[in-house]
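Here is a short briefing on how two protein chains are arranged, within each chain and against each other. The structure comes first, followed by notes grouped by topic.

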Protein chains: 2
Amino acid sequence: MMKAFISGFGTVGQGVLELIIMKGDVISKYGDLTVTGVMDSKSYDVNDKGICGLSVLGKKKNSGRCGDKDRNGMEGKDILDMADYDVLIECTPTNIEDGGEGLKNIKHALSKGKDVITVNKGPLALKFRELSDLAAKNGCIMRYEGSVGGAMPIINLCRESLVGQKIKSINGIFNGTCNFILSRMDSGMPFQQALKEAQQLGYAETDPTYDIKGIDSACKVAILANAVFGRNVTIKDVSIIGIDTITQEAIALAAENNMVIRLIGEVSETRLNVSPRLIPKGHPLSITGTLNTAVVETDFAGPVTVSGRGAGRSETASAILSDLIAVMKERK
Amino acid sequence: MMKAFISGFGTVGQGVLELIIMKGDVISKYGDLTVTGVMDSKSYDVNDKGICGLSVLGKKKNSGRCGDKDRNGMEGKDILDMADYDVLIECTPTNIEDGGEGLKNIKHALSKGKDVITVNKGPLALKFRELSDLAAKNGCIMRYEGSVGGAMPIINLCRESLVGQKIKSINGIFNGTCNFILSRMDSGMPFQQALKEAQQLGYAETDPTYDIKGIDSACKVAILANAVFGRNVTIKDVSIIGIDTITQEAIALAAENNMVIRLIGEVSETRLNVSPRLIPKGHPLSITGTLNTAVVETDFAGPVTVSGRGAGRSETASAILSDLIAVMKERK
C-alpha cells in the first residue's frame with residue numbers, strides 16, 4: 001500500500017486527485033494507492049485510512065477550501081507530520097525568489113525519508129543539488145517530469161529512452177505562451193495584440209512578465225542542466241533574453257528568408273541560455289501554437305525531438321501520474 | 001555476464017558491434033557483456049569466451065565476411081546452437097514475404113529460452129503474436145525499438161514515458177525516404193527528380209518500391225498496432241496508398257492553402273492505414289527532410305510527438321543499445 005499526500009490544491013493538485021480517481025484501474029496494476037492527506041493555502045484534510053477524493057474535490061469547488069480543518073497559520077511541515085504518507089506530491093505555486101512553501105515541504109518530506117514528486121519549478125531551479133543530495137542521503141526517490149514542459153516527457157526521454165547515449169545538448173521551446181504569441185506574430189499580428197489574445201485565451205497571466213521575459217523558460221533550462229547534465233546551477237546562472245522586444249519587422253524579415261523566430265532555451269555542459277532565435281520553417285523547433293518542444297542532440301542516435309502540451313490541468317497531472325507509477329514500480 | 005549473438009552483419013549488425021565496443025564504459029554500468037557469436041549470409045565466428053570485435057569488423061571490411069568459418073549452406077539455427085549466448089541481436093535484412101532467416105533465427109532463439117532484440121521488420125510485421133506468445137511462454141524478453149523509426153524512440157515512449165495513459169491513436173511519418181521526396185517536391189521539384197536525388201544521396205534503394213508504395217511504412221504501422229494497441233494484425237491488414245501518384249499540382253494546391261502533403265501511417269484500435277495526407281504548415285507532422293515523426297494521442301496528456309532519424313548505421317544501432325541495456329537491467 002502506497003500512501004500519498006498532495007500539497008497545493010490549485011489546478012494541478014486538483015487535476016492529480018481527479019486523475020488518481022479516474023485511473024484507479026490502471027494504477028491498481030502497480031499496487032494499492034491511497035491519498036491520506038491534502039492541503040491548500042487555507043485548509044487541510046488528513047485521514048490515515050484515505051481521504052474521500054470526490055468529497056475533497058467538491059468542497060474545493062464549492063468553498064475554495066480542500067478541507068474542513070483551518071491551517072490557522074500552521075506551516076506545511078506541521079500538517080505533513082500529522083499524516084501517514086510515503087510520497088509527497090508537491091503542487092504548490094512556483095516561487096522563484098526563495099522556493100516558497102514548496103521548497104520547505106520538499107525538504108521536510110525528504111528529511112523524513114519520504115519520496116517526492118514535484119512539478120514546482122522554484123525549488124528545482126534554486127536548490128536542485130541540495131534536494132537531490134538530501135534525497136540520496138535518505139534513500140528517497142525524487143521525480144519531477146512535469147516541472148519541465150508539462151506533458152512533454154523530456155526528462156524520462158533522456159533518462160530511459162536514450163539510455164546509453166551521451167546527451168550533447170538540448171534546445172527547446174519551453175514556454176507555450178511565448179510560442180503562441182510568436183506564432184500569432186508570424187501571421188502579422190503585433191506583439192501587444194498577440195499578448196492580449198494570449199491573456200484572453202487564458203494562456204498568459206495578467207502579469208505576463210515571467211513568460212515573456214524568458215524567466216519561466218530559464219527555470220526549465222536550469223532544471224535540465226541539473227537533471228540531465230549533472231551540473232550544479234540555479235536560474236541565476238542562465239543568460240536570458242525575452243520576446244518583448246521582438247518587432248513585426250524582424251518577423252517579416254525572417255519570413256522572407258523562410259524562417260520563423262522562436263524563444264529557444266539551450267543547455268549543454270557549457271551553455272545555459274534563453275533567447276529568441278531564427279529557425280528554418282519545417283525544422284522541429286519551428287512548431288506553432290502552445291506546444292513545448294525539445295531537440296535532444298545525442299552522440300550516436302542523432303537528434304531526437306519530443307513535444308507535447310507544456311501546461312494544462314490534465315496534462316501536468318499526467319506527468320505526475322507517470323512519476324507516481326514509476327515510484328510505485330520501484331518501491332514494489 | 002551477459003552473452004550476445006549478432007545475426008546479420010550488414011550496416012546495422014556492424015553498427016551494433018561498433019557501438020558495443022565504443023560504449024564499453026556505459027554498458028559496464030549495467031553489467032558485463034560479451035559478444036560470443038556473429039554470422040552473416042556466408043560466414044560465422046563463434047567463441048564462448050568472446051569474439052574479437054575489432055578483428056571481426058576488420059575482416060568484414062576487407063573480405064565481406066565476418067568470420068573465417070564458411071556457412072556451407074548451414075541454417076542460422078545450427079550456427080546459433082554452436083554458441084553460448086543469452087540474447088540474440090537480430091539484424092538480418094527484412095523479408096516481408098515470409099520473414100526470411102530473421103524469423104527462423106528469432107523463433108529458434110525464443111524456443112531455446114533466449115532473449116531477443118530485433119530491428120528486422122519482416123518477422124514482426126508478419127508473425128508478431130506468434131513470436132510474443134513464444135517469448136511469454138518461455139520467459140523471454142523480446143524488444144524491437146529500432147524496428148519502427150530507427151532512433152525515434154516511439155515504442156519506449158508509449159510504454160514507459162506515457163505509462164498510465166490510454167493511447168488513442170498514433171499518426172506518423174515512418175519512412176524518411178518518402179518524406180525527403182515530399183519535402184523536395186515542396187520546393188517545386190517533380191517526383192521523378194526528387195526520387196533520383198534521394199537515390200543519389202543513398203536514402204532510396206535502386207528499387208524504391210517498398211518505400212514509395214508505402215509498404216515499409218505499413219510494416220511499421222502493423223508493428224505498432226501489435227505492440228502498442230495489443231492487436232493481432234499483419235502487414236496484409238494495412239490499407240496502403242503510396243506517394244508515387246502525387247503530382248506537383250497537388251503539392252502546389254496544398255501550399256496555396258498553407259499545407260504540405262506527407263505520407264502518414266495511422267494506427268488505433270480500429271484504424272490501420274498508410275496514405276498521403278494534407279498537413280498544415282507548422283504542425284508537428286509537417287516536418288521536412290528524412291526524419292521520422294509520430295504523434296501519439298493520449299486520453300489525458302494530449303498529443304505527444306517524438307521524432308528522430310528513421311535509419312542509419314549508428315542511429316539504428318543506438319536503438320538496439322537502448323534495448324540491450326534494458327535487457328541487462330531486467331536480467332541483473
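This is a predicted model: local features need pLDDT of at least 70, side-chain atom pairs count only at pLDDT 80 or more; totals for chains, interfaces and linings use all residues.

A rotation of 180 degrees, with 0.0 Å of shift along its axis, superposes chain A on chain B at an RMSD of 0.0 Å. The two copies are thus related as by a two-fold rotation axis. Chain A and chain B each contain an open sheet of seven strands with mixed pairing.

**Symmetry and the contact between chains**

- In chain A, the C-alpha nearest the two-fold axis belongs to A:Val306, which lies 2.1 Å from the axis.
- Both copies use the same surface, since 100% of the contact residues of chain A recur in chain B.
- The contact takes 37 residues from chain A and 37 residues from chain B.
- On the side of chain A that touches chain B, the elements giving two or more residues are helix H7 (154-161), strand S13 (303-309) and helix H13 (313-331) of chain A.
- By class, that side of chain A has 18 nonpolar, 14 polar and five charged residues.
- Strand pairing also occurs between the chains: S13(A) and strand S13 (residues 303-309) of chain B pair in the antiparallel sense over three bridges.
- Within this pair, A:Val306 has B:Val306 in S13(B) as its bridge partner.

**The sheet of chain A**

- The strand order in chain A is S4-S3-S2-S1-S5-S6-S7.
- Strand S4 (69-70) and strand S7 (142-143) of chain A are the edge strands, and each pairs on one side only.
- Strand S2 (residues 33-39) and strand S3 (residues 43-46) of chain A pair in the antiparallel sense over three bridges.
- S2(A) and S3(A) form a hairpin, with three residues between them.
- A:Met39 stands opposite A:Tyr44 in S3(A).
- S3(A) is joined to S4(A) by two bridges, and these strands run antiparallel.
- A:Tyr44 has A:Lys69 as its bridge partner in S4(A).
- Strand S6 (residues 115-118) of chain A runs parallel to S7(A), and two bridges join them.
- The bridge partner of A:Val116 in S7(A) is A:Met142.

**The sheet of chain B**

- The strand order in chain B is S4-S3-S2-S1-S5-S6-S7.
- Strand S4 (69-70) and strand S7 (142-143) of chain B stand at the edges with a single partner strand each, so one side of each is left without a neighbour in the sheet.
- Strand S5 (residues 87-90) and strand S6 (residues 115-118) of chain B pair in the parallel sense over four bridges.
- B:Glu90 has B:Thr118 in S6(B) as its bridge partner.
- Helix H13 (residues 313-331) of chain B packs on the sheet and touches strand S1 (2-7), strand S2 (33-39), S5, S6 and S7 of chain B.
- The direction of helix H13 of chain B makes about 165 degrees with that of S6(B).

**Helices H6 and H11 of chain A**

- The axes of helix H6 (residues 121-137) and helix H11 (residues 215-227) of chain A come within 9 Å and cross at roughly 40 degrees.
- H6(A) and H11(A) are therefore oblique to each other.
- The crossing of H6(A) past H11(A) is left-handed.
- H6(A) contributes A:Lys121, A:Leu124, A:Ala125, A:Phe128 and A:Arg129 to the contact, and H11(A) contributes A:Cys219, A:Lys220, A:Ala222, A:Ile223 and A:Asn226.
- The residues of this contact between H6(A) and H11(A) divide into six nonpolar, one polar and three charged.

**Helices H8 and H9 of chain B**

- The axes of helix H8 (residues 176-186) and helix H9 (residues 191-200) of chain B come within 9 Å and cross at roughly 130 degrees.
- That angle makes H8(B) oblique to H9(B).
- H8(B) passes H9(B) in a right-handed crossing.
- From H8(B), B:Thr177, B:Phe180, B:Ile181, B:Arg184 and B:Met185 meet B:Phe191, B:Ala194, B:Leu195, B:Glu197 and B:Ala198 of H9(B).
- By class, the contact of H8(B) with H9(B) has seven nonpolar, one polar and two charged residues.

Technical notes
Residues are numbered from 1 along each chain as its sequence is written. Chains are lettered from A and ligands numbered from 1 in the order in which they are written. Copies are superposed by least squares on the C-alpha atoms of residues with pLDDT of at least 70 in both. Two residues are in contact if their C-beta atoms, placed from the backbone, lie within 7 Å. Axes are lines fitted to C-alpha atoms, for helices over the stretch in contact, and angles run from 0 to 180 degrees between N-to-C directions. Angles under 35 degrees count as roughly parallel, over 145 as roughly antiparallel, 65 to 115 as roughly perpendicular and the rest as oblique. A crossing is left-handed if the near helix is turned anticlockwise from the far one by less than a right angle, and right-handed if clockwise. Ala, Val, Leu, Ile, Met, Phe, Trp, Tyr, Cys and Pro count as nonpolar, Asp, Glu, Lys and Arg as charged, and the others, Gly among them, as polar. Two strands pair if DSSP finds at least two bridges between them.
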